[in-house]
Amino acid sequence: MAPVLSKYVSQKNALIGGAVAGVPLVVFLLKKYAFQKKKFVKRKAPENDIKYLIVDKSTEGKNNKAHVNARFIKQLFQILKIVIPGFASPEFGFLLLVAASLIARSYSDIWMIQTGTVVETAIISMNTDLFKKQLLYFFAGMPIISLVNNVLKWSIGELKLRLRTRLTHHLYNDYLRGYTYYKINNLDNRISNPDQLLTADVDKFCDSFTDLYSNICKPYLDIVIYVYQLTTTLGFKTPSVMLGYLMVSGFILTYLRRPTGRMTVTEQKLEGEYRYINSRLITNSEEIAFYNGNNREKLTMLASFNKLTTHLRKFLEFRVYVGFIDNIVGKYIATVVGFYAVSIPFMTTSSPLAHVSQNERFRNYYTMGRMLVKLAEAIGRLVLAGRDMTRLAGFTARVTEIMTVLDDLNKGHYIRTMLTDNNTLKEKKLIPNSGRIITKDNMIKFDKVPLVTPNGDVLVEELSFEVKSGMNVLVCGPNGCGKSSLFRILGELWPLFGGTLTKPPKGKLFYIPQKPYMTLGTLRDQVSYPHTKEEMQRRRKTDLDIAQHLERVQLSYLLQRDQGWDTVADWMDVLSGGEKQRIAMARLFYHQPQFAILDECTSAVSVDVEGSMYQYCRDVGITLFTVSHRKSLWKHHDYYLQMDGRGSFEFSKIDSDTEEFGS
């Protein structure tokens, strides 16, 4: 028996057998090492004990499914209608250019196969003249092929940019329409990280779609071209075997890749969480520093990072497992099927190739065999493209999610976890957006308007009072009584749950918070915000006008910096708290609205400067709604609105008998 077995044993076979046998041994040793390491490291990392909640509550308890199915196709076409608006659009033109470049590249491949075959034939047959002629011909074609390849690269890159530009403009038009950007972060809780969706997810969707388009078009065009070329020579039986395999393998791999879409959605959500936690540290850095909370925040950040990396590791392992099957089904078995398919016309006695000379059979096999290899590669790429399609389904679901939420918010609908039971709200006839808003100059009137937070917490059941221009009102009461809620409803940031609200148009109602917002831009932009320099000039306002406003708030010295009005700086950091509050008052003087809401906006300003600013507002006819705890401001107001925090309120005129309270 030994002599019989020995003929199968060679150095090459021994090396292959040893390698195959060694793989399980290596895996066993690695697992054993990992197990021993775990026994020594029993102590868990501190960040593993950190728990936090950043969740889209409207989808809580539901699986984020994203599969290649009819729903995915519908969502994809909805997005494509936005990014490719018509047949005459540049985007559609670039789709055609990519397709044309791919066709040119396929024909370039065929030309190179045919020309290369002739060159090699000339070498084998020792035909010097034919060799030189074909080599020169081959060399002359290289610049054209290089041009085709680079036009393809440029058209794919430009298509990605144009799709991203279209989609980004569409989403930002919805996101920054009215107060939608506020509502998506403060009213609706379906999306916890819109910045991730608007930036990274949109970019990845456009990249994924464009890559998929080119990765599908090229193999598809190759299949059509090579099937045609092969059918004319070998008949349809050989290509039909390959196409049949494409259908079977495509179905199997598409089914196995189904979890990819869901895992892609989860990956993007965890990326968004990690990004959000980092941004929270930046936003609240001062408070965290006062508490010396750096170590606690580090643990939270690492906990978020660990969640992300754990998922990425699972996703990586899944892709490896599926990739293993992909390679077997899409490459190796496809190669075996390809060999079988190419053998059919050469090994069948009834085939036309059975009656030609051996040299002719060799030439046909060499040319057609190369085409069949290309066909097999195209089929393999088309089969593997299903992997990219499943990933695209995940990005499509993410982009569709924010489009749906933005559309709902622009229609006045929002979804939020309610503190008060819906039945209780219905019994009190409190329904979001059921109130009526009337626009009228020089008047603010609340007529039986309930003060209700977006999550259904009722602060005041019916609020009624009327303020006309010239009636300065001081709003007072304990924390949580509804002062800020009143202004949010007045500014149309929160929905109206009933009653009638009469107010001037948006441009004639101005709000200044305790921490004023400083925009990115010049010193001029800080005063004229949200107007640009062009808008300011269109309204016939000059630098001299706003210089007078800076003088009124005693900030004229800011003009001495660098380039005066054109000085660009990080104004949030450059200016002190008091300077920012005075800039905000100069901004109010610039806009000169009918009504101004001042929410503790002079708390860091000295009493004398504060008094002069309030007096100027009265002089120019700006009616004030002021929230403040300073006694010194009572003299600048005619009425007071006091809320007790238990649902009651009092609106009365300030006279000599009124008891002033505050600091």
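Two strands count as paired here if DSSP finds at least two bridges between them. With that in hand, welcome to a predicted model of a protein chain with 663 residues, 43% of which count as buried. Its secondary structure comes to 20 helices and 12 strands.

**The chain as a whole**

- Among contacts with a separation of 6 or more, 78% are between residues 24 or more positions apart.
- The accessible surface of the protein chain is about 36800 Å², and carbon and sulfur atoms account for 58% of that area.

**The four-stranded sheet**

- Four strands make an open sheet in the order β1-β5-β2-β3, and the pairing is mixed.
- At the edges are β1 and β3 (458-468), each of which pairs on one side only.
- From one strand to the next, the twist averages 20 degrees.
- Strand β1 (residues 436-439) runs parallel to β5, with four bridges between them. On this side, Thr 439 has Lys 503 of β5 as its bridge partner.
- Strand β2 (residues 443-452) pairs with β5 in the antiparallel sense, over three bridges. Here Lys 445 stands opposite Thr 502 in β5, while Asp 447 has Thr 500 as its bridge partner.
- In a regular strand, side chains alternate between the two faces of the sheet. Strand β5 (residues 500-503) has Thr 500 and Thr 502 pointing one way and Leu 501 and Lys 503 pointing the other, and all are buried.
- Helix α14 (residues 483-490) lies across β2, β3 and β5, and runs at about 120 degrees to β2.

**The six-stranded sheet**

- A six-stranded open sheet has the order β6-β9-β10-β4-β11-β12, again with mixed pairing.
- Its edge strands, β6 (509-512) and β12 (649-653), each pair on one side only.
- Ignoring direction, neighbouring strands of this sheet are turned by 15 degrees against each other on average.
- Strand β6 is joined to strand β9 (residues 595-599) by four bridges, and the two run parallel. Within this pair, Leu 509 stands opposite Phe 595 in β9.
- Helix α19 (residues 577-591) packs on the sheet and touches β6 and β9; its direction makes about 175 degrees with that of β6.

- Tyr 614 belongs to helix α20 (residues 607-620). Its relative accessible area is 2%, so it falls under the 20% cut-off for buried.
- Beyond four places in sequence, the contacts of Tyr 614 are Leu 598, Thr 602, Leu 624, Thr 626, Leu 633, His 636 and His 637.
- Thr 626 sits in strand β10 (residues 623-627) and is buried, at 1% relative accessible area.
- Not counting residues up to four places away in sequence, Thr 626 touches Tyr 614, Leu 598, Leu 633 and His 637, along with Val 473, Leu 474 and Val 475.

**Salt bridges**

- The whole structure contains 20 salt bridges.
- One of them joins Arg 166 and Glu 91, whose closest N and O atoms are 3.1 Å apart. This pair links distant parts of the chain, with Arg 166 in helix α5 (residues 128-175) and Glu 91 in helix α4 (residues 90-124), 75 residues apart.
- Within that pair, Arg 166 is partly exposed at 33% relative accessibility, whereas Glu 91 is buried at 3%.
- Arg 524 and Asp 566 also meet in a salt bridge, at 2.9 Å from N to O. Arg 524 is in helix α15 (residues 523-528) and Asp 566 in the loop between α17 (543-552) and β8 (568-569), so the bridge ties together parts that are 42 residues apart in sequence.
- Arg 524 is buried, with a relative accessible area of 4%, while Asp 566 is partly exposed at 35%.
- Glu 535 and Arg 539 form a salt bridge with closest N and O atoms 2.7 Å apart; Arg 539 is partly exposed, at 44%.
- A network of salt bridges links Asp 188, Arg 190 and Asp 408.

**A nonpolar surface patch**

- Val 248, Phe 251, Ile 252, Tyr 255 and Leu 256 form a nonpolar patch on the surface, and together have about 530 Å² of accessible area.
- Ile 252, one of its members, lies in helix α8 (residues 237-256) and is partly exposed, at 38% relative accessibility.

Notes: Residues are numbered from 1 along each chain as its sequence is written. This is a predicted model: local features need pLDDT of at least 70, side-chain atom pairs count only at pLDDT 80 or more; totals for chains, interfaces and linings use all residues. Side-chain values use heavy atoms; hydrogens and water are left out. Buried means under 20% relative accessible area, exposed over 50%, partly exposed in between (1.4 Å probe, protein chains only). Contact means heavy atoms within 4.5 Å. Accessible areas come from the Shrake-Rupley method with a 1.4 Å probe; for residues, only the protein chains shown count as cover. Patches are made of residues with over 30% relative accessible area and no salt bridge: like charges are joined within 9 Å, nonpolar side chains (Val, Leu, Ile, Met, Phe, Trp, Tyr) within 5 Å. A salt bridge is a side-chain nitrogen of Lys or Arg within 4 Å of a carboxyl oxygen of Asp or Glu. Axes are lines fitted to C-alpha atoms, for helices over the stretch in contact, and angles run from 0 to 180 degrees between N-to-C directions.
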